[in-house]
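Visitor: Please take a close look at one part of this model, the contact between its chains, and give the cut-offs as you go.

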Amino acid sequence: MSWRLKNTNTFLYFECEQELVVYNRLARTTSYLDSSLTIILNIFKGMPQGTLEIDYLIEILKAKLDLSIQPKVITELLTSLENLELIETVE
Amino acid sequence: MKLSEITSDDLSAKLSSSGLKFFAGNFSVNLRSDVPAIRKGVHLLYGDSLLNDNEFTDFHINIDSSQGIRRWIRPRVSFSLSNNIPFYPMPYSHALPLLEWGLNWCVTNHCHQYLVIHAAVVEKNGKSIIFPGTPGSGKSTLCAALVNSPGWRLLSDELAIFDLDTNQLIPNPRPVSLKNQSINVIKEFNPDSQFSPTINDTIKGSVAHMKPSKLSIERVKDTCSPFLVVYPKYQASANEEFIQLPQGESFMELAEHSFNYQILGDDGFKSISKLISHCRSFKYIYDGNLNVAINRMNSLVS
């Protein structure tokens with residue numbers, strides 16, 4: 001399974017020190033992303049047209065944070081971003 | 001010409017006929033009323049406000065006593081804006097609080113050229129502090145104490161008005177609404193402060209309004225940039241705590257406290273982004289010791 005960023009025109013972003021506030025212009029909802037979610041969303045924002053799979057995401061995070069994160073944790077974070085309608089799964 | 005400079009007869013005549021045109025904070029009002037408490041209350045609380053000699057008026061307001069049998073049996077008063085009555089009538093004795101609550105409603109429901117936040121705003125040395133707060137947080141008491149202290153002026157005790165185009169806070173200095181124990185706390189803090197009569201048994205408990213300072217009224221056109229956001233919380237017997245809040249958390253709090261954030265959509269989001277970008281935010285817990293709180297606020301703007 002892989003994910004990609006949803007249409008970026010739908011969102012406005014306010015970047016804080018380590019967190020992000022995101023406004024969904026269609027749904028008129030405002031979401032607060034903690035640092036974990038922000039790191040992952042920023043990875044997606046860095047490749048807006050591309051898709052990401054969990055294994056590749058784990059590698060990027062390992063390089064960025066010098067940490068190995070369990071797939072289960074990544075999946076939970078991706079699900080949170082999907083529930084916030086910021087990313088979507090790609091079959 | 002100030003409202004206090006017109007004669008009592010003239011004031012009564014205007015209120016009962018074409019209307020008294022004056023500035024309530026930053027907004028012009030044409031007020032009509034047959035209720036004596038309105039005449040006395042407006043004369044006291046808005047005495048330093050200017051009369052409006054322009055044709056244009058922001059809000060046409062009536063505070064009318066009920067007619068018919070209700071004139072004598074449990075008499076009521078009603079608030080209307082341009083002949084539309086948005087609220088249920090209230091007890092006759094609540095006329096002056098009804099005017100003040102109605103004026104707040106006018107701004108929060110109609111002034112969408114601004115972002116309007118449920119917050120008190122004060123300023124000293126060109127530095128403003130926004131105090132967002134839920135009822136009971138102590139923001140009005142703290143605000144009232146500050147504007148009774150040297151150098152502070154009132155922008156608003158209830159509505160922080162943020163201009164979407166200029167990114168400035170718009171002053172709207174009107175009578176400070178105080179409730180229950182806060183009334184005596186501020187009367188003791190500054191015995192020279194002027195108050196309307198205390199009205200009991202309102203939906204908010206006992207309510208009285210404190211006249212804003214001359215300085216606040218004179219500087220009604222002096223906008224200022226937002227400097228700090230402080231979320232006060234009164235807790236009896238608590239140790240004083242002053243903790244910086246992350247920007248993201250403060251953003252979400254301000255959105256929550258905004259009356260028209262949802263209505264404004266993109267503009268609302270962008271406005272709070274600009275506001276938070278320029279301000280540090282703090283949570284402030286205090287035990288009600290106003291001198292300690294004032295010293296803290298003075299240190300922030302010195």
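Guide: Chain B and chain A bury about 1300 Å² between them, with carbon and sulfur atoms giving 63% of that area; buried area is the accessible area (1.4 Å probe) that two parts lose on being put together, summed over both. Of the area that chain B buries against chain A, 39% comes from B:Met252, B:Asp266 and B:Phe269, more than from any other three residues. The model is predicted, so that local features need pLDDT of at least 70 and side-chain atom pairs count only at pLDDT 80 or more, whereas totals for chains, interfaces and linings use all residues. Side-chain values use heavy atoms, with hydrogens and water left out; residues are numbered from 1 along each chain as its sequence is written, and chains are lettered from A and ligands numbered from 1 in the order in which they are written.

In residues, the contact (heavy atoms within 4.5 Å) takes 16 from chain B and 15 from chain A.

Next, the polar side of the interface. Between chain B and chain A there are 4 residue pairs in polar contact, both residues at pLDDT 80 or more. A polar contact is a pair of N or O atoms within 3.5 Å; within protein, one must be able to donate a hydrogen and the other to accept it, and residues adjacent in sequence count only if both atoms are side-chain atoms. The salt-bridge rule asks for a side-chain nitrogen of Lys or Arg within 4 Å of a carboxyl oxygen of Asp or Glu, and it finds 1 salt bridge across this interface. That bridge joins the side chains of B:Asp266 and A:Arg25, at 2.7 Å from N to O. B:Asp266 is also one of the three residues named above for buried area.

As for secondary structure, helices (H or I, at least four residues) and strands (E, at least two) are DSSP runs, numbered from the N terminus. On the side of chain B that touches chain A, the elements giving two or more residues are helix H7 (247-257), helix H8 (261-264) and helix H9 (266-278) of chain B. H9(B) gives the most, with 6 residues. By class, the residues of this side divide into 7 nonpolar, 6 polar and 3 charged. Here Ala, Val, Leu, Ile, Met, Phe, Trp, Tyr, Cys and Pro count as nonpolar, Asp, Glu, Lys and Arg as charged, and the others, Gly among them, as polar.

Over all chains, a search of the whole structure finds 10 salt bridges. The pair that crosses between chains runs from B:Asp266 in helix H9 of chain B to A:Arg25, in the loop between strand S3 (20-24) and strand S4 (29-33) of chain A.
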